[in-house]
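Biologist: Can you walk me through this model? Please keep it plain.

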Amino acid sequence: MPEYKWPPMGKRKVMGQRINRLDGPVKSAGRAKYPSDLNPQGLLQTAMLTSPYAHAKIRSINLDAAKAIPGVSGINLFVQPGAEIQWAGAEIALVAANTEEIARDAVRAIKIDWEVLPHVVKDENLAKAGTRAKAAGEQVTGDPEKAFSEANVTLEGEYGIPVITHCCLEPHGNVISWKGDKIDYWPSTQAVSTVATQLATLINVPATNINVTCDYMGGGFGSKFPPDSWGAESAKLSKGSGGRPVKVFLDRATELTIAGVRPSHYAKIKIGAKSDGSITAWQSDSWSSGGFGGGGMSPIPYVFVNIPNRRNNHAAVSLNSGPQRAWRAPNHPQAAFLTCSALTDLAAKLNMDPLALLHKNAGLTLRADTYRNQLEKAAELIDWKNKYHAPGEGKGTLRRGVGIGVATWGGGGHASKCKVTIHPDGSVEVELGSQDLGTGNRTCISMVAAESLGLPMSAIKVKIGNNSYPASGPSGGSTTIGGVSTSTRKASLNALEKLFEKVAPALGVAADQLEAVDSRIQVKGNPNKAMSWKQAAQKMGPSPIEEMGENVPAQAAREGLNTLGAAGVQMAEVEVDTETGIVKMRKLVAVQDCGLVVNPKTAESQVFGACIMSICAALYEERVMDAVTGRVLNPDMEFYKLAGLPDIGEIVVHMDIQEVHDKRGVIGLGEPCAIGGIAAIANAVHNALGVRVPTVPVTSDRVLNALGNKRYA
Amino acid sequence: MQSFEYANPATLKEAFAALGATWEDSAVLAGGTDLLSIMKDYVQSPKRVVNIKGIKELGGISRKGGNIRVGATVTLDELTSNAAVRASFPGLVQAALGVSSPQLRNMGTVAGDLCQRPRCWYFRRGFGLLGKGPNGEALVPTGENKFHAIFSNGPAYFVSASTLGPALVALGASVTIASASGNRTVLVEKFFVAPTGDGQREIDLKPNEIVTEILIPAPATKNATYEVRQRELLDWPLSAASVALRMNGTTITSASIALGHVAPTIWRATQAEKMLVGKTITVATAEAAGEAAVANATPLSGNKYKVQLTKVAVKRALLAAAGIKA
């Protein structure tokens with residue numbers, strides 16, 4: 001069996017290089033075809049009827065007028081008369097028609113007799129949630145009462161972070177064609193290898209009938225694992241039409257209303273500390289909602305988990321609003337915001353620099369040395385020493401401030417299989433039923449294979465995005481890079497071992513004395529006893545070498561190729577116009593470890609994207625519900641505001657690449673970098689103003705409300 | 001979007017013939033930056049769309065008597081590129097550049113800016129211009145009103161979406177409105193009206209009329225516009241103020257102050273205008289004018305902050321007009 005471990009950090013030739021993503025040119029030229037770009041011959045378009053009411057019963061549905069419209073191919077119902085609808089936007093019917101316009105007209109011609117029922121859609125105020133709030137039970141560690149009574153300083157604060165949506169640039173949907181027992185399915189998905197089985201169950205066919213293809217996809221952030229109800233109904237509509245392909249993609253309003261939200265999180269937090277800043281006690285009373293199912297407690301206290309005395313109470317609030325889905329680091333951004341806000345306020349109460357407070361309490365984290373180092377590095381990059389001032393200190397109407405947020409994440413590799421084929425002409429294929437969400441996955445797979453086979457990346461053909469390739473896990477939980485790098489490494493070395501066996505006699509040594517270097521197979525350390533890769537391949541005979549490699553999560557610790565546990569620190573600098581309450585980003589610094597970094601360039605890109613998402617959520621982004629109508633008021637990109645390029649300021653990404661981290665193996669990155677930014681920005685506003693704006697996004701109204709009559713000059 | 005007829009007249013006469021008697025019959029298409037999206041959302045479903053971009057006399061910027069004439073279909077980009085406009089009306093150029101999307105400035109027209117529909121999220125979600133709930137109740141006063149009017153006692157609480165409106169009102173501009181039965185001239189200030197009942201529009205324009213030009217009086221003023229916006233990226237102002245000052249040396253002889261995004265109409269801050277006459281602009285007088293401008297504000301449950309923003313917008317617009325750095 002080959003030795004799978006990664007080459008030492010200094011000896012790698014491809015991994016660790018700053019490589020442009022392979023699909024950059026086709027994506028930027030518009031030649032990359034996303035599922036929503038596909039318009040196969042004979043296509044049927046769809047439109048969806050959704051519930052206008054947040055809570056209602058359907059008495060009857062009349063499709064006659066809609067069906068009579070020329071060009072309508074079929075109408076499928078998601079629910080039957082008698083069904084109780086629990087949120088506005090819930091799927092009612094899907095119309096397939098020759099054109100999108102006809103489908104939309106038909107949707108408007110569907111007649112429904114509704115019995116409208118009372119709804120609750122607001123969760124900012126727990127007292128108003130009434131019976132919709134369900135206590136989740138109390139968790140107590142140590143003796144919080146005693147600890148609070150002995151604390152020198154006690155901080156009490158209230159903080160809130162509202163529901164936001166995934167707002168995928170490419171909305172949820174698919175193109176699908178069902179003819180006989182053959183289903184061609186082009187979903188925008190995070191789960192190429194598992195989505196077929198789920199769809200098969202929904203439409204009652206063998207999974208073997210379903211061919212999934214997703215070469216590119218336009219964002220999922222945790223919301224694009226299942227085929228969804230519209231995937232299943234579009235399949236049936238295709239079958240009903242005799243196999244015409246059917247296209248269903250949610251319109252923007254529906255995308256923002258039902259295709260996933262990140263739960264809110266509100267909390268009253270109390271922290272007790274000694275005069276020197278040592279934290280001794282934590283208490284939180286929190287509530288959250290991610291729709292009808294309520295919302296779980298985020299992991300608070302966050303990162304500083306070993307506060308000795310703790311009491312947590314949480315309530316899940318059930319709302320008549322679109323359901324939650326995993327959102328890039330589920331519950332962590334909320335936890336970081338709540339915890340880091342309270343810690344910053346505690347520092348203010350202690351007259352302490354929050355950076356010093358976090359250093360002081362780093363022992364309460366699970367990776368004290370890592371956080372201390374990262375705090376130091378981030379402080380250096382944002383120039384904390386010169387930029388930090390006592391909260392609110394300064395002159396003029398424009399005030400600057402700096403703040404900190406911290407993060408932690410798992411990110412171990414998912415189950416993944418890879419097949420590497422070496423053809424007799426020397427060409428190499430690498431196949432995985434994986435997907436590239438825009439992260440650079442395709443590029444990283446190529447780099448691992450090239451590194452392992454001693455070839456340039458141009459010699460490797462990476463094939464992903466289809467479920468006929470060996471199964472690889474869904475891209476969730478930042479598990480992809482760990483999984484695919486391990487399976488690709490093992491498959492490559494397994495294939496190489498077979499190649500060595502074929503060429504060993506010609507080089508006059510045992511197979512285990514060979515190595516693959518710079519497109520040569522040579523006796524270890526001896527370039528003079530070598531043959532070119534192409535010559536070596538010719539020794540194979542007519543059959544290609546096909547070898548598998550697998551990442552088995554339970555074996556990962558023993559093998560050492562991938563692991564879990566990433567830490568990050570982010571620091572922000574903002575400028576607040578104290579007359580208007582408008583906050584502008586100046587700088588966001590992200591220091592992030594993720595073990596062995598396969599491609600620093602695409603890794604940095606991931607962090608840049610996460611920083612921008614954090615800026616959006618900290619300053620602009622929130623779903624606005626209307627209490628009376630129960631509707632989302634801003635399911636658009638006009639009032640559901642995201643940051644634009646001029647709003648972003650400077651972003652500095654520092655990948656914490658060091659031998660000590662590298663030796664741990666490959667760790668996922670997508671989520672850990674999307675956690676600390678919101679807290680950092682909110683805390684920077686606090687530092688600028690000397691006043692806590694308790695709820696994000698930190699918009700003009702919230703800043704001015706928090707300032708009250710306070711004036712700055 | 002409901003299917004519609006498309007008319008592409010080459011002359012005003014042909015356009016008048018294509019227009020109908022009600023808003024359901026027809027709609028005028030110029031840049032299309034608002035009409036198309038509002039039709040896609042079924043908020044407005046005209047049976048016929050009349051494209052006026054092919055009518056030559058509706059274009060161009062020229063001198064006409066004592067006015068600068070800006071044709072109705074002049075784009076925001078043409079407006080901001082015009083030397084005469086830039087020289088005389090910096091406040092108008094600043095307002096137009098507030099539409100911080102090159103695409104919208106390239107497509108959007110000057111008259112379209114005045115005629116675009118409000119962005120009120122109740123209106124855009126199909127609850128009507130007055131934002132009424134299932135039982136006819138007013139949704140805005142008790143609902144989500146952080147972007148709504150601070151100068152209104154109802155029943156209309158939306159804010160005018162016009163970006164150029166405040167600058168044009170401050171400059172004393174008027175619009176020429178044409179129909180088959182002739183032309184009429186209306187001050188831009190009077191062009192905006194707050195509807196008092198269902199089915200009324202927010203502008204003084206009938207379905208069979210077309211705005212043909214905007215006339216801006218040429219006499220020299222010091223003018224400026226200041227907008228408060230949450231984002232630098234394309235975003236609606238939370239509040240905007242345009243000012244035009246006539247000066248004798250450093251003394252103000254008359255002042256026009258017009259506020260945008262704070263009322264169903266463009267709101268004239270008459271108290272602030274009066275108190276500035278005879279004064280010199282300083283930070284203190286500008287601040288006092290800001291206070292006076294909002295003295296009669298009646299904010300809703302969620303938009304008191306806009307009172308403060310409006311004060312600041314007036315102050316900063318005055319200081320900008322006077323060339324004083326705050």
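Modeller: What follows goes through the ground rules, the domains, the chain contact, the helices, the sheets and some backbone details.

Biologist: What are the ground rules?

Modeller: This is a predicted model: local features need pLDDT of at least 70, side-chain atom pairs count only at pLDDT 80 or more, and totals for chains, interfaces and linings use all residues. Residues are numbered from 1 along each chain as its sequence is written, while chains are lettered from A and ligands numbered from 1 in the order in which they are written.

Biologist: Which domains does the assignment give for chain B?

Modeller: Domain 1 (5-54) and domain 2 (57-115 + 159-321). The bounds come from an automatic or database domain assignment. Taken over C-alpha atoms, the centres of domain 1 of chain B and domain 2 of chain B are 25 Å apart.

Biologist: How many residues of each domain are in contact?

Modeller: 18 residues of domain 1 of chain B are in contact with 16 residues of domain 2 of chain B. In contact means that the C-beta atoms of two residues, placed from the backbone, lie within 7 Å.

Biologist: Which elements give two or more residues to the domain 1 side?

Modeller: α1 (12-18) and β2 (26-29) of chain B. α1(B) gives the most, with three residues. Helices (H or I, at least four residues) and strands (E, at least two) are DSSP runs, numbered from the N terminus.

Biologist: And by class?

Modeller: That side of domain 1 of chain B has nine nonpolar, six polar and three charged residues. Ala, Val, Leu, Ile, Met, Phe, Trp, Tyr, Cys and Pro count as nonpolar, Asp, Glu, Lys and Arg as charged, and the others, Gly among them, as polar.

Biologist: New topic. How many residues does each chain put into the contact between A and B?

Modeller: Chain B puts in 21 residues and chain A 25 residues. On the chain B side, α8 (121-127) and α13 (305-321) each supply at least two residues. α13(B) gives the most to that side, with four residues. By class, the chain B side has 10 nonpolar, five polar and six charged residues.

Biologist: Now helices in chain A. At what angle do α8 and α18 pack?

Modeller: α8 (residues 332-349) and α18 (residues 677-689) of chain A pack at about 30°, with their axes 8 Å apart. Axes are lines fitted to C-alpha atoms, for helices over the stretch in contact, and angles run from 0 to 180 degrees between N-to-C directions. α8(A) and α18(A) are therefore roughly parallel to each other. Angles under 35 degrees count as roughly parallel, over 145 as roughly antiparallel, 65 to 115 as roughly perpendicular and the rest as oblique.

Biologist: Which residues meet there?

Modeller: From α8(A), they include F337(A) and C340(A), and from α18(A), I678(A) and A682(A). The contact has seven nonpolar, four polar and no charged residues.

Biologist: What about α16 and α18 of chain A?

Modeller: α16 (residues 600-619) and α18 of chain A have axes that come within 8 Å and cross at roughly 50°. α16(A) and α18(A) are therefore oblique to each other. Among the residues that meet are I615(A) in α16(A) and I681(A) in α18(A). This contact divides into eight nonpolar, two polar and no charged residues.

Biologist: On to sheets. What is the order of the five strands in the open sheet?

Modeller: β7-β17-β16-β15-β8 of chain A, with mixed pairing. Two strands pair if DSSP finds at least two bridges between them. β7 (133-141) and β8 (153-161) of chain A are at the edges with a single partner strand each, so one side of each has no neighbour in the sheet. β8(A) and β15 (residues 265-273) of chain A pair in the antiparallel sense over nine bridges. There, I161(A) stands opposite H265(A).

Biologist: Where does α8 of chain A lie?

Modeller: α8(A) lies across β8 and β15 of chain A, and runs at about 145° to β8(A).

Biologist: And the sheet of three strands?

Modeller: This open sheet has the order β4-β2-β6 in chain A, with antiparallel pairing. Six bridges join β2 (residues 56-62) of chain A to β6(A). K57(A) stands opposite E115(A) in β6(A).

Biologist: Last one. Which residues does a cis peptide bond join?

Modeller: One joins I300(A) and P301(A), with omega about -5°. P301(A) lies in the loop between β16 (279-288) and β17 (309-317) of chain A. Another runs from V696(A) to P697(A), with omega near -5°.
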